[in-house]
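Here is a quick tour of the structure shown below.

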Amino acid sequence: MDIILLGPPGAGKGTQAGRLEDEHGMIQLSTGDMLRAAVKAGTEVGLKAKALMEAGELVPDEVVSGIIGERLDELGPEQGVIFDGYPRTAAQATALDEILSARGRSLDHVIELVVDEDALVARITGRFTCGKCGEGYHDTFKQPAKEGICDVCGSSEFKRRPDDTEETVRTRMQEYRGKTAPILPIYETRGIVRKVDGMGSMAQVNDEIEAALAL
Ligand SMILES: [Zn+2]
């Protein structure tokens, strides 16, 4: 089974991809990771990509396609994969079809984690962690039992990620919409887009994804 997993930053995509790997033995393929691995391994396309990146140039689609093809050949025909962050353009979607069909594969599902943007902003901007033990808290959903004191280790030092601000979250959402807008309609026409409510609990999202994969 080959799928694309779509979801804005903060929607729990990483968690869900990890679970699909654990429970279905799938492998998540992110083009960034594959590119770095190919460069490190010194494969033919890896060397090409390295030269381009060192020259400060963008790695063209054909090189990315080559890297995805190499990786799929390594994994073998039975290994199901999760594409993450790719494709982002209609041209890449067409290239992906070709890469897959050349190997007797095809996309089974495009799972889209649908979120309520305002609720997601509240979820992300409210997060904070204990600076000492790393325990996670939230302004709305999980305050320490005693204000300003970590439940776990008693520390009174808390920290927030500097990019968890409303402005950066909204910018990331906008970037995400820009990346999915060109490709979603392509897969919608094919009837393989499965919309999953990304605002439920982790277990609910799990269940919805499982139901979608069974289609
Ligand atoms: Zn703590």
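## Ground rules

A residue counts as buried under 20% relative accessible area, as exposed over 50%, and as partly exposed in between, using a 1.4 Å probe and protein chains only. What you are looking at is a predicted model, where local features need pLDDT of at least 70 and side-chain atom pairs count only at pLDDT 80 or more, while totals for chains, interfaces and linings use all residues. Residues are numbered from 1 along each chain as its sequence is written, and side-chain values use heavy atoms, with hydrogens and water left out.

## Confidence

The predictor's confidence in each residue, pLDDT, goes from 0 to 100. The protein chain has a mean pLDDT of 93, and 100% of its residues reach 70 or more. Among the elements of the chain, β7 has the highest mean (97) and α2 the lowest (88). Helices (H or I, at least four residues) and strands (E, at least two) are DSSP runs, numbered from the N terminus.

## Two helices, each with a buried face

Start with α2, where T31, M34, L35, A38 and V39 are buried. Looking down the axis of α2, these buried residues fall within an arc of 135°, so they line one face of the helix; the arc is that of the directions from the helix axis to the C-beta atoms. R36, K40 and A41 are exposed on the other side of α2. The cover over the buried residues of α2 includes β2 (27-30), α3, α4 and β3. After α2 comes G42, with a positive phi near 70°.

Helix α3 (residues 44-54) buries V45, G46, A49 and L52. Down the axis of α3 the buried residues fall within an arc of 125°, so they too line one face of the helix. On the other side of α3, E44 and E54 are exposed. Among the elements covering the buried residues of α3 are α2 (31-41) and α4 (61-75). Just after α3, G56 takes a positive phi of about 75°.

## The nonpolar cores

A nonpolar core here is a set of buried Ala, Val, Leu, Ile, Met, Phe, Trp, Tyr and Cys residues joined through side-chain atoms within 4.5 Å. Which members of the largest core touch the most other members? Those are F83 and Y187, in a core of 32 residues. Two or more residues come from each of β1 (2-6), α2, α3, α4, β3 (81-84), α5 (90-101), β4 (107-114) and α8 (184-190).

Leaving aside neighbours within four places in sequence, F83 is in contact (heavy atoms within 4.5 Å) with I3, I4, L5, L29, I68, L96, L100 and L107. Another core lies apart from this one and has 20 residues, including L20, M26, V169 and L213.

## Salt bridges

Counting a side-chain nitrogen of Lys or Arg within 4 Å of a carboxyl oxygen of Asp or Glu as a salt bridge, the structure holds 21 of them. K50 and E54 are 4 residues apart in helix α3, so about one helical turn separates them. K50 is partly exposed at 34% relative accessible area, whereas E54 is exposed at 62%.

R170 forms a salt bridge with E117, the closest N and O atoms being 3.2 Å apart. That pair links distant parts of the chain, with R170 in helix α7 (residues 166-180) and E117 in helix α6 (residues 117-125), 53 residues apart. R170 is partly exposed, at 27% relative accessibility.

R160 and D139 form another salt bridge, with 2.8 Å between the closest N and O atoms. R160 sits in the loop between β7 (158-159) and α7, and D139 in the loop between β6 (136-138) and β7, 21 residues apart. Both R160, at 45%, and D139, at 34%, are partly exposed. Salt bridges with shared partners also join E117, D118, E166, R170 and R177 into one network.

Strand β5 (residues 127-130) is joined to β7 by 2 bridges, and C130 has F158 in β7 as its bridge partner.

Note on methods:
Pairing = 2+ DSSP bridges.
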